Amino acid sequence: MPWLEWHKRDDDLKATAKTPYRLLQPIQSLSYGDEDAPNMLIQGDNLEALKALLPYYAGQVKCIFIDPPYNTKSAFEHYDDNLEHAQWLSMMYPRMVLLRELLREDGSIWITLDDNESHYFKVMCDEIFGRRNFINQISVKTKNTAGASGGGEDKRLKKNVETLLVYVKNNNSSSGGFNKFNDVYEEINLFDLIDEMEDEGKSWKYTSVLQSYGDEIDRRVVKTGDGEDITVRKVRGVQRTTVKAIERSSGRSREEIYSDNFERIFSDTNAQTSIRTRIIDEFMELKDDEMLIASYTPRSGRDKGRVVEHFYISPTIRRVIWLKDTAEKKKNYIIKKDKLGTLWTMFNWNNVSKEGGVRLPNGKKPEALIKAVLDLATQPGDLVLDSFLGSGTTAAAAHKMGRRWIGVEIGEQARSHCQPRLSLVVDGDDGGISEQVGWKGGGGFRFYQLGPKVFDDQGRINPEIKFEHLAAHIWFAETGTARSTRAMKSPLLDVHNGTAYYLLYNGILGDQRLAGGNMLTMKVLAGLPKHDGPMVIYGEGTNMTNDRLRSLGIKFKKTPNDIRAR
């Protein structure tokens, strides 16, 4: 597969391995809300922050949304968005590598960019994620073209869209990977849509009204292609009319008629389906006042396991399509639901810079955009990550939608923008998507900053490192999986693929002497939790011979010499 070349690319390929592991230090004074809340707001360089998260969250994140600097040659107040092309790619490559490691097998990552770097970035991501794991390129309308300035001096057309690239970690559902996105619909006022179609000379199809089903006169059973039964009832005495006929006879408005008859308004189609073909073969044709109602239970698909009814009408047995299946009645108005595609035009960008109670004049995204992504890609309780948090939009939307979240933001903006905004969310912020999702407040988050390195430049273990920190690092280095963030008070870290992993460190056995509980001896071994199988034991040393260790099924590794950075 082709890949992208840039200055010092080879160094960038090694950047993740060279990035040091650091501790994440909680800042209690900046944390807010419930103390047990799982949400994390991290201040610091996102490359080092992502590396610090790996031992605890590798393979755990369901959805990543990032809005990185666009490299637009513009001077932003809070970002260096004027990086030379190769530098920008150098910044992004190692971060994307780490983000991929944090994703669940069925997880997805969404990246917003404009046309300055999006094409180069896609080639780079095809390499990192694999081209088969690319899902979509979405165009997001951000502003109207009316009122364009420049007087024709600019050679380029005015930009009014941004690009949203979507990748998954594993596009193979049979191996636990990505299956499909949730069904999400764009809501459009029905009557605005009808007027727009009529203005464009297009025909609005949902104009028939079923007034009476009639009475059953026949019942037969036909077979599906799988040999399953389809029960078909034939009714006679069907009465139907049109919206315009009711409008003329009653003098009532179109809106009132659609509202009163919402459940019975339909269109009809001669679309060729296997079920319709089998029914036509059985019944041949219908009279004007007759209708067929076919009932069956699909073996697969969206309606698997539940009874489905199809209606057929007119002499040529046309399929009835109900308005209620593609629209929704809400109080005094009706909205048409169109399944979300790759052109998103439904967001209001007016006053977005003020959303959430903090200002970010350039690059801020509306909470509604994040909601659309999370509706498609997550369920309540899933973990969401944004490592270019900006003003905190992703975390705010995720919090209001009942998702767990981790946000990373560099520099003072984590304190000046993200922390105040997310505190307002906990208190019940009523802006953004709050009304739409019924947000009233609650929850909380812990604030962290990057702390000291786990290992110094000579490879020695930092004396500030506690047992659970080193345990998480070793577990991840050995297994590539995340270890629980809760402290474990046992030298047995866990069992992975039949092998038990132990750590003798920092007096975990209660012996604080240098040559005591951190050394593997027969006496220490006898006190360890038992495992019937191979063992990997980390410690400061051992007085057991290699032959003795092999006979006991033990692979001994010395700290810190044998601890590898993954």
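Me: Which residues do ring pairs link into a cluster?

Reply: In this predicted model, ring pairs join W110, F178, F181, W344 and F347 into a cluster. The whole structure has 14 aromatic pairs.

Me: Take F191 and Y258. What makes that pair edge-to-face?

Reply: Two values settle it. The ring centres are 5.8 Å apart, and a pair needs centres within 6.5 Å, so this counts as a pair. The planes stand at 75 degrees, and anything over 60 is edge-to-face, so that's the label it gets.

Me: And which parts does the pair tie together?

Reply: F191 belongs to helix α6 (residues 190–199), while Y258 belongs to helix α8 (residues 254–260). The pair therefore ties together parts that are 67 residues apart in sequence. Both F191 and Y258 are buried, by the way.

Me: What makes K324 count as a charge over a ring?

Reply: Its charged end sits over the ring of W322, 5.3 Å from the centre. The distance cut-off is within 6 Å, and there's an angle test as well, within 35 degrees of the ring normal. K337 is listed too: it lies over the face of Y185, at 5.4 Å from the ring centre.

Me: Now cysteines. How many disulfides are there?

Reply: The count is 0. Look at C125: it is in no disulfide, and the nearest cysteine sulfur, that of C63, is 15 Å away. The sulfurs would have to be within 2.5 Å.

Me: Are C125 and C418 buried or exposed?

Reply: Buried. C125 has a relative accessible area of 0%, and C418 is at 0% as well. The cut-off for buried is under 20%, so both qualify.

Me: Why is T521 called buried?

Reply: Its relative accessible area is 19%, and buried means under 20%, so T521 gets the label. T521 lies in the loop between β25 (519–520) and α15 (522–527). Leaving out residues up to four places away in sequence, T521 touches N543 and M544.

Me: What about A471: where is it, and why is it called buried?

Reply: A471 is in helix α14 (residues 467–479). Its relative accessibility is 0%, which is under 20%, so A471 counts as buried.

Me: Which residues does A471 touch?

Reply: Not counting residues up to four places away in sequence, A471 touches R483, L493 and L503. A471 and R483 are 12 residues apart in sequence, with their C-alpha atoms 8.3 Å apart in space. The contact rule looks at heavy atoms within 4.5 Å.

Me: How do you know that β23 and β24 pair?

Reply: Two strands need at least two bridges between them. Strand β23 (residues 492–496) and strand β24 (residues 499–503) have 4 bridges, in the antiparallel sense. As an example, V495 stands opposite A500 in β24.

Me: What do β23 and β24 form, and which residue in the turn has a positive phi?

Reply: They form a hairpin with 2 residues between the strands, and N497 in the turn has a positive phi of about 50 degrees.

Me: Last one: what is the mean pLDDT of the protein, and where is the pLDDT below 50?

Reply: The mean is 87, and 91% of the residues reach 70 or more. Over residues 147–152 the pLDDT is below 50. Beyond near neighbours in sequence, that stretch has 2 contacts in the model.

Terms used
Residues are numbered from 1 along each chain as its sequence is written. This is a predicted model: local features need pLDDT of at least 70, side-chain atom pairs count only at pLDDT 80 or more; totals for chains, interfaces and linings use all residues. Side-chain values use heavy atoms; hydrogens and water are left out. pLDDT is the predictor's confidence in each residue, from 0 to 100. Buried means under 20% relative accessible area, exposed over 50%, partly exposed in between (1.4 Å probe, protein chains only). Rings of Phe, Tyr and Trp (its six-membered ring) pair if their centres lie within 6.5 Å; planes under 30 degrees apart count as stacked, over 60 as edge-to-face and the rest as tilted.
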